[in-house]
Amino acid sequence: MTQKKRFILSIDGGGVRGLIPLRILESLESRLVHRGVTQPMHELFDLMAGTSTGGLIAAGLSAPRPGGNKGEAAATISELRTFYERDAREVFSYSLSARLARAFTNPLGLFDETYDARPLEKILKEQFGWTSMASGLCKLVLTAYDIEQRKAVFMTNGLEQNGSRPDDYYFWQAVRATTAAPSYFEPAKIENLTRKREEPMVDGGVFMNDPTIAAYLEARKLGWDTEELVIISLGTGRAQERNFSYQEAVGWGALGWMQPSKGVPILSIFSDGQTQTASYQATHLFNELPNVTYHRIEGELEASAEDFDNARPGNILTLNGAADRMIRDNTVLLDNLADLLKDHAETREKDASDAVLGHAA
């Protein structure tokens, strides 16, 4: 008898670089269509995990569409691509007049966030409505950090370690929290629907830019066996050639380390370092657990393309070019994954049919 499989999708943070894993998913979707598989991603993946921009993608593909048909996701891959290629310019629009206006009410206006969060919040409310994570179309985990309680938060619709139900959040607010990158956006104050309180959170990328291990642990809490797990981890590209010299850094001071014009070096280093560490740990952990199938797709970026907030048309072209190279370099893997997902979809359909027949009997 063929071993039942659980497919898990994990997507890194990286701001507008989320276009890269989205393009990889688009390529995978195209391969599936050629194989006669037309089910949406939430019917192919049993669990999705995302940090920051990865959380936005995962939530878009697994949240129910407000006012949509039953089982219809909040966003298609095509709609998400439009967000990165067009709408992200509005989200990452630097308004000097708005910055100056805030400076009048904030004596420390020099240290204010780079971007106004309201355009992003408007898009999230329109896309997700007021549905909560408990209504997710598949299992989901998004990362964030509670700055008042000083703890990492894993917003999920799965199970807690003791088997109890997790705290519930509105989808749009959960995405706002996981994308609240310090210095770019102000912290998100989101409503904990279970505990009836507001919680201030920032981007999960401050501690877990690659959420693969979080996805694995969530699967284990759900009782899924290691031999069932097929984990696909998508990166947002690495600009290895973009280095920070000692001569530069030694004179930066506190402001220099947080300076947007330099790509906010402290956040860039945090996210890159954590991503490398998580990938290293996952590779070695799953080598020790040979029954777990783990695939990581990542690639190199031009140094100029690393910035989280560079949504200019020229950089979108650069990111699409990087995605094209990653897709080309992983052609065989993507074909194999499409075959596996096709088998998975057929198995799920058979199981559903057997369950209906069993119930009728």
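**Close-up views of the predicted model**

**View 1. Contact between helices H1 and H12 in a predicted model.** On the H1 side, Leu 19, Ile 20, Arg 23, Ile 24, Ser 27 and Arg 31 take part; their counterparts in H12 are Ile 316, Leu 319, Asn 320, Ala 322, Ala 323, Asp 324, Met 326 and Ile 327. Sorted by class, this contact comprises nine nonpolar, two polar and three charged residues. The two axes come within 9 Å and cross at roughly 45°, so H1 and H12 are oblique to each other. Their crossing is right-handed. H12 spans residues 313–329.

**View 2. The largest nonpolar core.** This core has 82 residues, and Phe 45, Met 48, Phe 128 and Met 155 have the most contacts inside it. Helix H1, residues 19–34, gives the most to the core, with seven residues. A second, separate core has 16 residues, including Ala 49, Ala 215, Ala 282 and Tyr 294.

**View 3. Surroundings of Met 155.** Apart from neighbours within four places in sequence, Met 155 is in contact with Met 133, Leu 140, Val 141, Leu 142, Thr 143, Ala 144, Tyr 169, Ala 174, Ala 177, Ile 190 and Met 201.

**View 4. Ser 183, a residue with positive phi.** Most residues other than glycine have a negative phi. Ser 183, not a glycine, has a phi of about 85°. Ser 183 sits in the loop between helix H7 (171–178) and strand E5 (188–192). With a relative accessible area of 17%, Ser 183 is buried.

**View 5. Lys 196, with positive phi.** The phi of Lys 196 is near 55°. Lys 196 belongs to the loop between E5 and strand E6 (197–203). Lys 196 is exposed, at a relative accessible area of 68%.

Methods
Residues numbered from 1 in each chain as written. Predicted model: local features only at pLDDT ≥ 70, side-chain atom pairs only at ≥ 80, totals over all residues. Heavy atoms only, no water. Core = buried A, V, L, I, M, F, W, Y, C linked by side-chain atoms within 4.5 Å. Buried < 20%, exposed > 50% of the residue type's maximum accessible area, 1.4 Å probe, protein only. Helix = DSSP H or I, 4+ residues; strand = E, 2+ residues; numbered from the N terminus. Contact = heavy atoms within 4.5 Å. Axes fitted to C-alpha atoms, helices over the stretch in contact; angles between N-to-C directions. Parallel < 35°, antiparallel > 145°, perpendicular 65-115°, else oblique. Left-handed = near helix turned anticlockwise from the far one by under 90°. Nonpolar A, V, L, I, M, F, W, Y, C, P; charged D, E, K, R; others polar.
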